[in-house]
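Colleague: Could you walk me through this one? I'd like to start with the ligands and then move on to the strands.

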Amino acid sequence: MKQTKIISKEEIAQQQAYAAQVKNRLQGKGMKAHIRTYGCQQNEADSERLGGMALAMGYSLTDDAEQADLIVVNTCAVREHAELKALSITGQFKHLKAKKPSLLIGVCGCMVSQEHRKENIKHSYPYVDFLFGTSMLYRFPEIVLTALCEEGRRFYLDDNTGNIAEEIPVHRESDFKAWVSIMYGCNNYCTYCVVPFVRGRERSRKKEDILYEVNDLIQKGYKEITLLGQNVNSYGKDLSSDYDFADLLQEICRIKGDYWIRFMTSHPKDASFKLIDTIAAYPNIAKQFHLPLQSGSDAVLEKMNRKYARSDYEKLVSYMREKMPEIAITSDIIVGFPGESEQDFEDTLDALKTIQYDNIFSFIYSPRAGTPAAVMQNQIPEEVKKERFARLLSVQSEISKTKNELYLGRVERVLVEGHSKTDQSMLTGRNEKNRLVHFKGGDALIGQFASVKITQADTYALIGEIYE
Ligand code: SAH
Ligand code: SF4
């Protein structure tokens with residue numbers, strides 16, 4: 001097995017030195033960086049590191065691309081739609097470069113870790129100064145310094161060894177909610193998925209580094225910490241000890257404080273009863289489990305290379321509910337996987353009705369270059385995919401609404417996140433089960449836990465009032 005490359009302290013120090021050189025050059029010029037993020041929580045976590053490094057280089061951060069002297073688009077490749085959005089926004093930045101030729105534009109993340117997309121940007125987006133793949137993130141200071149000092153465009157290819165870089169500066173978007181990556185990459189090669197190709201193979205951070213980071217966040221007053229990995233259940237398998245994800249959770253939850261721990265994502269083939277027992281045993285692990293089923297048909301699961309049958313999955317769900325009757329269970333579902341028959345799809349609808357998820361994230365299958373499913377026979381026509389997608393949503397909407405109605409009259413502990421996007425006069429937050437809760441209250445509650453009495457239940461959110 002190939003060794004994970006640990007980026008040495010010397011290499012990190014070298015990057016810090018590059019950051020200091022950039023800072024020297026930019027001193028007093030009021031330079032601003034704009035980071036635009038697409039995709040999953042891992043990308044958001046990566047962007048917080050890009051932000052931390054930009055600050056170390058002397059840039060301030062801005063949400064307004066028009067103001068920026070440095071723009072980085074952090075891209076996603078999981079579905080075509082995500083790629084098209086990132087390409088379209090990159091295209092829109094062309095006119096900013098025309099107005100301000102000194103503007104630096106970079107594109108990074110999963111999309112550019114694919115050869116054909118790299119070539120696409122190289123040839124069709126000539127105003128992009130640099131590209132760098134996911135494994136090059138820690139070299140951001142060097143990349144910016146080179147762009148400032150030298151003529152010409154640069155394309156930083158991924159080294160496919162898979163690395164781990166500790167002690168990169170991080171600028172966290174929130175001072176009460178934090179992401180903590182516990183591992184990177186994925187070894188599962190689900191046949192539809194591009195992630196193993198763009199994020200490399202599975203590699204776990206050392207438990208000491210994770211515990212240090214989580215402890216530091218809790219001491220700083222963070223109220224919610226989400227542990228991230230493409231498959232957190234295989235945490236530790238690449239390290240030479242028996243210490244697993246459940247052990248890590250237990251050790252984290254012994255840290256004193258008032259906080260919730262969440263984690264994502266769990267692959268059902270690796271979810272253990274030990275993990276479920278751990279969730280049940282520790283009050284500060286939120287009673288919410290995201291366990292993607294993907295399809296309710298065993299034939300489709302097999303073609304997806306998911307390595308479990310629906311009955312295995314349902315056993316996990318039964319055990320969870322036996323131990324924690326109120327646990328919220330959510331899932332990802334793909335509709336229109338190649339060869340999915342009407343009966344296969346109805347099996348998925350049946351799974352939703354049987355399992356009774358609190359919520360699902362549903363996706364129309366999107367062929368990804370280089371993955372086995374993209375070249376499978378019997379690709380499903382777009383209109384069939386769309387029609388199935390609508391049926392899936394309508395079945396789940398009913399279930400979600402009924403589940404939400406169970407909260408009517410109850411008092412829920414809510415971590416208040418900010419103002420509601422649709423109604424600025426309302427605050428919004430999430431309860432332990434990760435349900436959105438809207439209510440009226442003062443700004444002082446933002447970042448705090450509040451008690452909210454639920455008075456109304458919609459399909460996607462609960463509405464309530466502060467309960468003194
Ligand atoms: N590692 C996680 C998440 C991976 S991506 C997991 O295994 O659950 C998040 C979700 O995107 C997946 O769960 C899957 O439902 C969806 N997805 C991945 N590739 C896709 C594709 N090619 N088309 C449509 N949905 C896809
Ligand atoms: Fe993709 Fe499967 Fe890995 Fe998740 S487990 S990232 S779906 S290959």
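Colleague: Which residues are around ligand 2?

Modeller: Counting a residue as near if one of its heavy atoms lies within 4 Å, the residues around ligand 2 are Cys 186, Asn 188, Tyr 189, Cys 190, Tyr 192, Cys 193, Val 195, Pro 196, Gln 230, His 267 and Arg 306. This is a predicted model, in which local features need pLDDT of at least 70 and side-chain atom pairs count only at pLDDT 80 or more, while totals for chains, interfaces and linings use all residues. Residues are numbered from 1 along each chain as its sequence is written, chains are lettered from A and ligands numbered from 1 in the order in which they are written, and side-chain values use heavy atoms, with hydrogens and water left out.

Colleague: How does that shell divide by class?

Modeller: The shell around ligand 2 has seven nonpolar residues, three polar and one charged, where Ala, Val, Leu, Ile, Met, Phe, Trp, Tyr, Cys and Pro count as nonpolar, Asp, Glu, Lys and Arg as charged, and the others, Gly among them, as polar.

Colleague: Is Cys 186 buried or exposed?

Modeller: Cys 186 has 9% relative accessibility and counts as buried, because buried means under 20% relative accessible area, exposed over 50% and partly exposed in between, with a 1.4 Å probe and protein chains only. Cys 149, at 43%, is partly exposed.

Colleague: And how many disulfides are there?

Modeller: The count comes to zero, taking a disulfide as a pair of cysteine sulfur atoms within 2.5 Å.

Colleague: Switching to ligand 1, what are its polar contacts?

Modeller: With a polar contact taken as a pair of N or O atoms within 3.5 Å, a polar side-chain atom of Arg 79 lies 3.0 Å from an oxygen atom of ligand 1.

Colleague: Last topic: what does β20 pair with?

Modeller: Strand β20 (residues 449-457) pairs in the antiparallel sense with β17 (residues 411-419) over five bridges, and also with β21 (residues 462-466), again antiparallel over five bridges, where pairing needs at least two DSSP bridges. Lys 453 of β20 is the bridge partner of Val 411 and stands opposite Glu 465 in β21.

Note on methods:
Polar contact = N/O pair within 3.5 Å; in protein donor to acceptor, adjacent residues only side chain to side chain. Helix = DSSP H or I, 4+ residues; strand = E, 2+ residues; numbered from the N terminus.
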